[in-house]
Amino acid sequence: MSRIVVAFMLASCFLQVSCSRKMQFAASKSLPVNLQATQETRHLYANLKQLSKKGVMFGHQDDLAYGLGWKYEEGRSDIKDVVGDYPAVVGWDLGHLELGSTMNLDSVPFDQMRGFARQVYERGGLNTFSWHLNNPLDPAKTSWDPMDSTIQRLFSDPAALKVYDGWLDKVADYLTSLKGPNGELIPVVFRPLHEHTGSWFWWGRNHVSPEDYKKMWRYTVKHLRDKGANNILIAYSTDRFTSREDYLERYPGDDYVDVLGFDLYHRPRIDSTDTSPAPDTAFIRDARRMVETVRQLGQEKNKLWAFTETGLGNLPLANWWTSTVLPVVQDAGLSYVLVWRNANNSHYFAPFPGQKSAEDFKNLYNRPDVFFMKDVQAADIYSAPPKGKQKKPVALGDN
Ligand code: BMA
C-alpha cells in the first residue's frame, strides 16, 4: 500500500470517529431550541434539567402582585405568608399587552409586572408568561370568544396578519425589556396558544385544523426569535388529552418547543361540609397519566416537562396538597407545577394564612423534593451548571 493510501485511510478513519463523537455530544447536550439563546437562558435550561431529577419547583400565578385581601404590598406573597418563602416559579399573563393597554386583563400594570419579574429573577427564581390575547381579526373580541377559523382567516388576510405582527412586536419588546442588574436579558418561559386541546379559546381544537395551529405556532415563535427574544424557553401546553397521539396532534415540531406541558384543573363534586373526603382517585389517575406521557416524550425528545397550570378552586379540601398534588407530581421529573391566581375570596388557588389547606401546604413545603425560592436560590439556575465528571477520553484505535 502506498503511503498516500495509508494516509487517506487514517484520515478518513479519524474523521469518522471524531464526527460520530461530535454527534453524540450534540445529542446529549441540554440546549434550548433557539440557537441564539442567551448564555443565561442556556444555563437555565441545563440547570432545570438537573434540578428536575431531584424534585419539582412550586409555582403560583401573579404571586407578588396581589393575594387575598391585599394588592401591591412590597415583598408580600400569600405563599410567603404561609410558609415564610416565595414560590420558586411565578406566572404572569400578557393579555391586553397587544392592545397597547398599560395593564393586563387582570389589571396588573405591565410596568409593575416587569419589576416583579426582576425581583423573581434576582432572588434566583423563574418567571413564566402566558398570553390570553384578544382576537387579531377583531381586537374587541377576547380569547374566550371562540370565533371559528380565526387562524385560517388570519393567514389569508394580509391586513389582519399585519395586526398580529404588530402584537408579536409588542410581546417581543416587552420580553426583551426584562433586564437583570447587569443589563442582561432575564430568561423566562413563554407559553403561547395554551390549552388548545380544549375549545374555549379561538385557537382551541374545534376552531382550527392541526396544520393551521402548527403554522400559527411556528409563525409566532419565529417572529419572536427574529425580534431578538433570545431569552425565552418555549412551552407547549395542552389542556386535557387522551393519549400520546392526542397530545402530539398539534405539536409544532421539536425545533419550536423547549418545555412539554399541560394544564389540568381539579373540579371534584364534593360536599363542602366534608373536610377530609377520600382523595379523588379519578383526577389523580388522569393527571398522573398525563404526567407520564409528557415525561416519556420529554425523555425521548430530550426536553423539559412541566405541569404548567393546575388548581382546585378555593381549596375546599384540607389535605389537597399531600393527598392529591403530591402523588401527581412526585418522582416524575417535572420541572415545575404552577397553581393559578388568588384573585379574590371566590376565585383562588393557593393557600393564605388561615385558609383550610394552609397546614397541609406546609407539609408540601417541607418536602425535600418540592422546591421553593430558597431551594432554587441555592441551585443558582442562571449560572453555568457544575461540570459533571468528565469521561475519560477514548484513545484512537480503542475497540
Ligand atoms: C382565568 C381566570 C380569569 C383570568 C384569566 C387570565 O383562569 O382567572 O379571571 O382573567 O384566567 O388570567
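H132 touches D93, G95, H96, E98, L105, S143, W144, H194, F201, W203 and W340 when residues up to four places away in sequence are not counted, where contact means heavy atoms within 4.5 Å. The model is predicted, so local features need pLDDT of at least 70 and side-chain atom pairs count only at pLDDT 80 or more, while totals for chains, interfaces and linings use all residues. Residues are numbered from 1 along each chain as its sequence is written, and side-chain values use heavy atoms, with hydrogens and water left out.

- H132 lies in the loop between β5 (126–130) and α5 (150–154), helices (H or I, at least four residues) and strands (E, at least two) being DSSP runs numbered from the N terminus.
- With a relative accessible area of 7%, H132 is buried, a term that stands for under 20% relative accessible area, with exposed meaning over 50% and partly exposed lying in between (1.4 Å probe, protein chains only).
- The side chain of H132 is joined to that of D93 by a polar contact of 2.6 Å, and to the side chain of H194 by another of 3.3 Å; a polar contact is a pair of N or O atoms within 3.5 Å, of which, within protein, one must be able to donate a hydrogen and the other to accept it, and residues adjacent in sequence count only if both atoms are side-chain atoms.
- Between the C-alpha atoms of H132 and N104, which are 28 residues apart along the chain, the separation is 9.3 Å.

**The ligand**

- Around the ligand are the residues L105, D106, H132, W144, W340, R341 and H347, each counted as near if one of its heavy atoms lies within 4 Å of the molecule.
- Oxygen atoms of the ligand are 2.5 Å from an N or O atom in the side chain of D106, 2.8 Å from an N or O atom in the side chain of R341, and 2.6 Å from a polar side-chain atom of H347.
- Taken alone the ligand exposes 310 Å², of which the protein buries 74%; accessible areas come from the Shrake-Rupley method with a 1.4 Å probe, and for residues only the protein chains shown count as cover.

**N342**

- N342 is found in the loop between β10 and α11 (358–365), and this residue is buried, with a relative accessible area of 0%.
- The side chain of N342 makes a polar contact of 2.9 Å with the side chain of D78, and a polar atom of the N342 side chain lies 3.0 Å from the backbone nitrogen of F349.
- Beyond its neighbours within four places in sequence, N342 has contacts that include H60, Y66, D78, H347 and F352.

**Strand β1**

- Strand β1 (residues 56–61) is largely enclosed by the rest of the structure, because six of its six residues are buried.
- F58 has V337 as its bridge partner in β10, M57 has F371 in β11, and Q61 stands opposite G91 in β4.

**The whole protein**

- The protein has twelve helices and eleven strands, and 53% of its 399 residues count as buried.

Definitions and conventions
Two strands pair if DSSP finds at least two bridges between them.
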